[in-house]
Amino acid sequence: METNYNPFSLAGKTVLITGASSGIGQATAIACSRMGARVVVTARNQERLQQTFSQLNPAVEGHMQQLADLTSQDELENLLTMLPPLDGAVLSAGNSTTLPLQFGSREKFDEMFNVNFFAPVELLRLLYKKKRLNKGASVVLLASIGGTHSFMPGNGVYGASKAALNSIMKYAAREYASRRVRVNSICPGMVDTPLIHRGTITEEQLAEDAKKYPLGRYGVPDDIANGALFLLSDASSWLTGHDLVIDGGFSI
C-alpha cells in the first residue's frame, strides 16, 4: 500500500493567485504553498503582497511575486509575460459595495464590473489563448452567493458582477475542456475579511447578520482556501463547470 498517497497534494504544481495581498487570496496562496505548490502571487499593494510572499512555504523553491493592477491592460500583459506554465490559477481579486439600486448609476456598475468581471475574465481569456495553462490545469474563480443564491437588499451591483462571473465560468468550462483545462468557481457567503470592515455596514449589523447562518458564524479566509485546494488538486479531476457554495448553510 502507498503510504504517501494524497490526492489533495499540490506538489509539483505551479499555481497563480490574484488578489493575494489580503483576505481569501492571501490565505489561498499560503495554503497552496503548504500543500506543496510553487506559487505565483500578484496584487496591487507591494507592501501587503510582500507580507504574503514572506509567509509562503520556504521548503518549496521558485515562488514568485508580481505587482499588477489587473484592470490595466499593460500591467496584465506584463504579468502574462513573466508567468511560467501554470497547473492552476485562483482569480480572487475583487471588490464589494453595499448600494441600493436607486443609487446604482452606470458609473457604479462600471467600477464594480471592471474589477469583479472584466479584469478576471480578460486574464482567464489570455491565460488560455496564450497557452499559459498546462493540459489538466484547474482555474478557480471567486464568485459569491450574492447574485446566484442570495439576493439581499443593497447587494445588487456587487451581486450582478459576481453572477456574471459565475456564468462565464460555465462557458469557459465547456470551451476549455478540449484541452482538459477545468474551470470552476467558489461562491462564498460572508467571509470575515477587511472588505466587510470598511464602514458601509456597522459592526453591530455584521454581528446580527452572522446569526442568520445555520453554523452560527461568518466564514474565515481558510474556509474558502480549503475549497480552492480541492478544486486545484487531482482530487477534483472530474469536476468542471461547477459553482461550489461555501456559506455555512446560509443558502438553505
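Author: Among contacts in the protein between residues at least 6 apart in sequence, 73% join residues at least 24 apart; a contact means heavy atoms within 4.5 Å. This is a predicted model, in which local features need pLDDT of at least 70, side-chain atom pairs count only at pLDDT 80 or more, and totals for chains, interfaces and linings use all residues. Residues are numbered from 1 along each chain as its sequence is written, and side-chain values use heavy atoms, with hydrogens and water left out.

Reader: Which pattern does the protein follow along the sequence?

Author: The order is β-α-β-α-β-α-β-α-β-α-β-α-α-β, with seven helices and seven strands. Helices (H or I, at least four residues) and strands (E, at least two) are DSSP runs, numbered from the N terminus.

Reader: What radius of gyration does the protein have, and what would a compact globule have?

Author: The protein has 18 Å, which agrees with the value near 18 Å for a compact globule of 252 residues. The radius is taken over C-alpha atoms, and the globule rule is 2.2 Å times the number of residues to the power 0.38. The C-alpha trace spans about 55 × 45 × 40 Å along its principal axes.

Reader: How many of the residues count as buried?

Author: Of the 252 residues, 47% do. Buried means under 20% relative accessible area, exposed over 50%, and partly exposed in between (1.4 Å probe, protein chains only).

Reader: Turning to the rings, how many aromatic pairs are there?

Author: The count comes to eight aromatic pairs. Rings of Phe, Tyr and Trp (its six-membered ring) pair if their centres lie within 6.5 Å; planes under 30 degrees apart count as stacked, over 60 as edge-to-face and the rest as tilted. One of the pairs is F8 with F230, which is tilted, at 6.4 Å centre to centre and 40° between the planes.

Reader: Where do F8 and F230 lie?

Author: F8 lies in the segment before β1 (14–18) and F230 in helix α7 (residues 221–232), so the pair ties together parts that are 222 residues apart in sequence. F8 is partly exposed at 41% relative accessible area, and F230 is partly exposed at 27%.

Reader: And how far apart are the ring centres of Y213 and F250?

Author: Their centres are 4.6 Å apart and their planes are at 35°, so the pair is tilted. Y213 lies in the loop between α6 (203–210) and α7, and F250 in the segment after β7 (243–246). Y213 counts as buried, at 5% relative accessibility.

Reader: Which residues do ring pairs link into a cluster?

Author: They are F109, F113, F117 and F118.
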